[in-house]
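I opened this model to look up a few local features. My notes follow in the order I took them.

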Amino acid sequence: MGDFNLALVIVAVVVCVIVFLVNVYLLVNYQHPDDANQAYFPKFVVVLGLSIAAISILMLPADVANRHACRHAIYNGACNLTLPMKDLWLAVYIVDAILVFFVIPFAMFYYEGDLDKSMGTRIKSALMWMVTTAIVCALLLGILYGLVGKVDFTVRHLSSSTTAFPSTWTFNSNEPCIKNGVHQCSAYSASPSSEQTWTMRTTFPEYVVALATIVGSVLFAIFGGVGIACLPLGLLFSFIRRPKAVITRSQYIKEATELGKKARELKKAAEDLRQEEKGGSKGRKFRKNVKAVEKEVFQLEEDVKLLEEMYPQGEKAETTWALTVLGYLAKLVLGILGLIVSVVWIIHIIIYLLIDPPLSSFLNQVFIKLDDVWGLLGTAAFAFFCFYLLLAVINGAMVLGLRLVFITIHPMKWGATLMNSFLFNVGLILLSSISVIQFCSTAFAYYAQATAAQEIFGHTLESLRGIKYLYKYNVFQIAFVILAGLTFVYYAAFGWRRKTPSGRFQLST
């Protein structure tokens, strides 16, 4: 058993190092050229945040493997060589909350500060915003923890008398107690009056994790429900709308001229908006116009990319076109696989979480059988399904960001992502990762039973006073399935159509 846990520790360290290196690679290749050799603090926050999010997702499979290390022990305390998963969970999620509510907002305020001002002024302004946020969050957490920071466990009061150790055993299902009387020692046959509520105060770290999970669950239900449908369908419709052939040079010149005209119009609109901002106009109409310009710029960039695909240039034009075709074929394959995974997720949620009692443990049994084939195969499949949910949340945020006025667009593009967009998406990933873990620990409760994650996100969270009913009546799961169903219908009916820019800006001046 000691050798198994030593191997588990080595694997955990190696995985952490790999995650860190992968995140550095993503930062270097996604960053905008304007951020090269500068903005080092936001970059550090991005790498740290992505690493924490990835490690937190991987910790649940590690928690399962950690529990399996002691499956032959008579009781959990008999195996004291495993990883201290509960302490690790709390540490990771406290760091997660600090990054989301304090460090990332500070980094964004600092990065988006007026470049005409000195560094000290920008740091002072960012600190003021962060301190204000910290005070508000601390007061809110303190008040809530003092008033309702308790858990209410429903238990049954069972009792039985004692007797001398017998030479023969005569107990059966009809007489489970020692001696006859009014004792209740069977939880199955005890009367409803034996139920009692056992109240205790939860620890403050667990309460912080619980509240962060609630915020993340709201985002998860909305963005995840939309994204789990849009993620595979977006890939499939991208293949359907793909360029079928290379256009002629005259067509390319015509389209490029139109895009150039559109770009000049957008530049003029952006300059007018900047003049309005300097004049103190930051009302609702101004924000609406900014949102409209952002949408048009995003659409223009997509049109430019599509035009470059339809008319590859240079000495390796044929090779470029061949790679473009292969890229769309890859989207088709990934879209089909993603659609299968999305449908399997929806089916599992319905038959295991929403129907009481569950019709089947479904994916739980699949993971267990995969573990029987090879020790880490079920764990790897388990981690894949959790990561897929996180990708669905990010995709849902991107899709809704292009359609809702109150959501800021922060696209992630290879070689053209500014640090504020990086920070925004990292904050979203961190906040959603908590709820993804909670959701997975509930959806795969049979496979992940007796783990530290289930103790935190299952017993404590689902018994927390004031919010336990959200989980008791599966509010987030129901919202997730409804939004997924509506998005499937809407996207299948209208998603294949190509969005055309409106070209209308209602400027105040």
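I began with helix 14, residues 475–494. It has 20 residues and reaches 28 Å from its first C-alpha to its last, close to the 28 Å expected at 1.5 Å a residue. The expected span is 1.5 Å times one less than the number of residues. Helices here are DSSP runs (H or I, at least four residues), strands likewise (E, at least two), numbered from the N terminus.

Before going on, I noted the ground rules. This is a predicted model, where local features need pLDDT of at least 70 and side-chain atom pairs count only at pLDDT 80 or more, while totals for chains, interfaces and linings use all residues. Residues are numbered from 1 along each chain as its sequence is written, and side-chain values use heavy atoms, with hydrogens and water left out.

Which residues of helix 14 are buried? I found Phe476, Gln477, Phe480, Val481, Ala484, Thr487 and Tyr491. They lie on the same side of helix 14, because they cover an arc of only 135° around the axis. That arc is taken from the directions from the helix axis to the C-beta atoms. An α-helix has 3.6 residues a turn, so residues three or four places apart point the same way. The face turned away from the buried side carries the exposed residues Leu486 and Val489. Buried means under 20% relative accessible area, exposed over 50%, partly exposed in between (1.4 Å probe, protein chains only).

Asparagine 474 is in the loop between helix 13 (468–472) and helix 14. Its phi is near 55°, a positive value in a residue other than glycine. Asparagine 474 is buried, at 17% relative accessible area.

I then zoomed out to the chain. I read 14 helices and two strands. Buried residues make up 41% of the 509 residues. Of contacts between residues at least 6 apart in sequence, 80% join residues at least 24 apart. Contact means heavy atoms within 4.5 Å.

How do helix 8 and helix 11 pack, at what angle and distance? Helix 8 (residues 317–354) meets helix 11 at about 60°, with the axes 11 Å apart. That makes helix 8 oblique to helix 11. Angles under 35 degrees count as roughly parallel, over 145 as roughly antiparallel, 65 to 115 as roughly perpendicular and the rest as oblique. Helix 8 brings Trp345, His348, Ile349, Tyr352 and Leu353 to the contact, and helix 11 brings Phe439, Cys440, Thr442 and Ala443.

I also looked up serine 432, in helix 11 (residues 419–443). Serine 432 is buried, with a relative accessible area of 0%. It touches Leu390 and Val393, not counting residues up to four places away in sequence.

The loop between helix 8 and helix 9 (363–373) holds proline 357. A cis peptide bond joins aspartate 356 to proline 357, with omega about 0°. Phenylalanine 362 is in the loop between helix 8 and helix 9 too. Its phi is near 45°, positive in a residue other than glycine. Phenylalanine 362 is partly exposed, at 26%.

My last stop was methionine 85, in helix 3 (residues 85–111). Methionine 85 counts as buried at 4% relative accessibility. Leaving aside neighbours within four places in sequence, methionine 85 contacts Met59, Asp63, Asn66 and Ala452.

Definitions and conventions: Axes fitted to C-alpha atoms, helices over the stretch in contact; angles between N-to-C directions.
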